[in-house]
Amino acid sequence: MPTAAIIGGGVIGSAWASRFLLNGWGVRFHDPAPNSEAVLNIVLDKARRWVPEVYDQLPAEGALTLCGSITDAVSNADWVQESAPERLEIKLAVLAEIQASCSAEAIVASSTSGFMPSELQAGSALPEQILVAHPYNPVYLLPIVEVVPSAVVPGATVQRAESLLSDIGMKPITLRAEIPAHVGDRLLEAVWREALWLIKDGVATTEQIDDLMTHGFGLRWAQKGLFETYRTAGGEAGMK
């Protein structure tokens, strides 16, 4: 049974743990927060309720082990998912502790929504081991994950990361270059920024804008993306 070490809980880390567990992986979980086990159990209960509604033919659930230290959690892990608070100094310290104890063959992935992998690799003795695997919540239901390597991460490592993520039902999208905030959040930020201007200028309310999304193109985007939508709208001429 492959093993994932989840370092850092909260909503994201606990959802990662749920995703791996419900896809048959062993999970070794570490978060020093006093309420981390309670949060994990809440998220895991939700995942056990809803994942079978979305995904068919799930394997037997993996084994969960709560660990008292990073060293204990990562020592035999095939995949390490770091979901520490979004502060670079904290992530660098956590990643250094992870790499001091994990196998050199393990993939060390960060859930960061903003930092580039080259920033996370700063000062690392093995920078080629670290990449970004940025999911969208709830991780146990939404399959998309942005895989972001830096230039020092070997292609073979990226391919192995894609394969392992696919094995737990994710849809990895490997970006062709690193950029702050990656791609998904940058697109969402552009929509968010325009929505705030529409509210400020008195054009629409927050409820109206949300309704436009949930009852309109939000439903369409579940089937067709931005480019396919406009290509189809153009008829035979397509985008042209």
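Helices here are DSSP runs of H or I with at least four residues, strands are DSSP runs of E with at least two, and the numbering starts from the N terminus. With that settled, here are the close-ups, all taken from a predicted model.

**View 1. Glutamine 57, out in a loop.** Look for glutamine 57 in the loop that links helix H2 (36-54) to strand E3 (64-66). Its phi sits near 55°, which is a positive value in a residue other than glycine. The side of the story you can see from outside: glutamine 57 is exposed, with a relative accessible area of 81%.

**View 2. Histidine 182, tucked away in a loop.** Here's another positive phi, about 60°, and histidine 182 isn't a glycine. The residue belongs to the loop between E8 and H7. Is histidine 182 buried or exposed? Its relative accessible area is 1%, so it counts as buried, the cut-off being under 20%.

**View 3. A cis peptide bond at proline 138.** Going from asparagine 137 to proline 138, the peptide bond is cis, with omega near 0°. Proline 138 itself is found in the loop between E6 and E7.

**View 4. Strand E7 and its two partners.** Strand E7 covers residues 144-148, and four of its five residues are buried, so you're looking at a mostly covered strand, given that buried means under 20% relative accessible area. With strand E6 (residues 130-135), E7 pairs in the antiparallel sense over four bridges; one place to check is proline 135, whose bridge partner in E7 is valine 145. With strand E8 (residues 171-174), E7 pairs in the parallel sense, again over four bridges. There, glutamate 146 stands opposite isoleucine 173 of E8. To get from E7 to E8 the chain goes through helix H6 (residues 155-167), and this β-α-β crossover is right-handed.

**View 5. The largest pocket.** Its volume comes out at about 1400 Å³. The lining counts 29 residues, and Gly184, Leu187, Leu188, Trp221 and Leu226 are the closest to the centre. Which helix gives the most to this lining? That's H7, with eight residues. E7, H7 (184-200), helix H8 (206-221) and helix H9 (226-233) each supply at least two. Sorted by class, the lining splits into 21 nonpolar, four polar and four charged residues.

**View 6. The second largest pocket.** This one has a volume of about 170 Å³. Fifteen residues line the second largest pocket, and nearest its centre you'll find Ile12, Glu86, Ser111, Ser113 and His134. Helix H1 (10-22) and E6 are the elements that give two or more residues to this lining, and H1 has the largest share, three residues. The classes here are five nonpolar, eight polar and two charged.

**View 7. Isoleucine 70 and its contacts.** Isoleucine 70 is part of helix H3 (residues 70-74). It's buried, with a relative accessible area of 6%. Leaving aside residues up to four places away in sequence, isoleucine 70 touches Ile7, His30, Val94, Glu97 and Ile98. How far apart in space are isoleucine 70 and alanine 5, C-alpha to C-alpha? The distance is 8.7 Å, though 65 residues separate the two in sequence.

Technical notes:
Residues numbered from 1 in each chain as written. Predicted model: local features only at pLDDT ≥ 70, side-chain atom pairs only at ≥ 80, totals over all residues. Heavy atoms only, no water. Buried < 20%, exposed > 50% of the residue type's maximum accessible area, 1.4 Å probe, protein only. Pairing = 2+ DSSP bridges. Right-handed = clockwise from strand over helix to strand, strands pointing away. 1 Å grid on protein atoms, 1.4 Å probe; cavity = no way out; pocket = protein on both sides within 12 Å on 5 of 7 lines; lining within 4 Å. Points joined across faces, edges and corners; volume = space filled by probe spheres on them. Nonpolar A, V, L, I, M, F, W, Y, C, P; charged D, E, K, R; others polar. Contact = heavy atoms within 4.5 Å.
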